[in-house]
Amino acid sequence: MAKKESKTNQPSRGKYLLIVESPHKAQTIGKFLGGEFKVTSSMGHIRDLPKRELGVNPADGFKLTYEITPGKSKTVAQLRSAARDASTIYLASDPDREGEAIAWHLREVLGGKDSDPRFRRVKYNEITSRAVKAAIADPGEIDMNLVDAQQARRAIDRIVGYKISPFVR
């Protein structure tokens with residue numbers, strides 16, 4: 001009798017960690033890769049601006065303050081645990097501005113810095129064995145221009161929402 005697969009966010013064992021956005025993608029991609037890979041999911045964004053504060057400091061170059069998204073503490077703890085044992089951590093969030101920001105937040109929360117060689121960015125436009133393996137074979141770096149674009153959008157959204165909306169009512 002086949003063992004039923006767990007629907008939790010627990011990764012399988014391996015020396016490489018690949019993090020995607022959704023559990024369904026993790027399950028599918030896990031079937032493509034060998035036992036050296038742990039494939040798990042961040043379940044989307046893991047950090048955001050504080051819910052009850054502006055989180056943007058115009059006096060300090062519009063510096064943003066982030067916190068772990070409510071309800072994501074368990075996911076972050078699981079990702080940190082998986083990252084401790086990994087020799088390489090592949091950040092495979094979607095290949096767009098939001099996905100790039102998710103990859104950056106993951107690296108930050110998991111303790112990586114800009115030059116940390118353990119963290120590699122992989123991008124693919126289709127979830128096929130060929131596309132995923134090709135992306136892993138040719139990893140890149142996080143595109144900070146895309147991250148900065150996403151952060152600028154969040155800052156503008158927050159400033160408009162907190163500072164201007166009350167006057168428009």
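I began with the largest nonpolar core, which has 25 residues; Leu17, Ile19, Ile89, Leu91 and Leu106 touch the most other members. I note here that the model is predicted.

I then looked up which elements build this core. At least two residues each come from β1 (16-20), α2 (73-84), β7 (88-91), α3 (97-109) and α5 (144-168). The largest share, 5 residues, is supplied by α3.

Next I listed the contacts of Ile19. Leaving aside residues up to four places away in sequence, Ile19 touches Thr40, Ser41 and Ser42, then Leu79, then Ile89, Tyr90, Leu91, Ala92 and Ser93, and also Leu106 and Leu110.

I turned to α2. This helix has 12 residues and reaches 17 Å from its first C-alpha to its last, close to the 16 Å expected at 1.5 Å a residue.

Which residues of α2 are buried? I recorded Thr75, Val76, Gln78, Leu79, Ala82 and Ala83. These residues lie on the same side of α2, because they cover an arc of only 160° around the axis. On the other side of α2, I recorded Ser73, Lys74 and Arg84 as exposed.

Finally, I asked what the buried residues of α2 pack against. Their partners are the strands β1, β2 (37-41), β6 (67-68) and β7, together with the helix α3. As general background, I note that nonpolar side chains tend to be buried together in soluble globular proteins.

Technical notes: Residues numbered from 1 in each chain as written. Predicted model: local features only at pLDDT ≥ 70, side-chain atom pairs only at ≥ 80, totals over all residues. Heavy atoms only, no water. Core = buried A, V, L, I, M, F, W, Y, C linked by side-chain atoms within 4.5 Å. Buried < 20%, exposed > 50% of the residue type's maximum accessible area, 1.4 Å probe, protein only. Helix = DSSP H or I, 4+ residues; strand = E, 2+ residues; numbered from the N terminus. Contact = heavy atoms within 4.5 Å. Expected span 1.5 Å × (residues − 1). Arc of directions from axis to C-beta.
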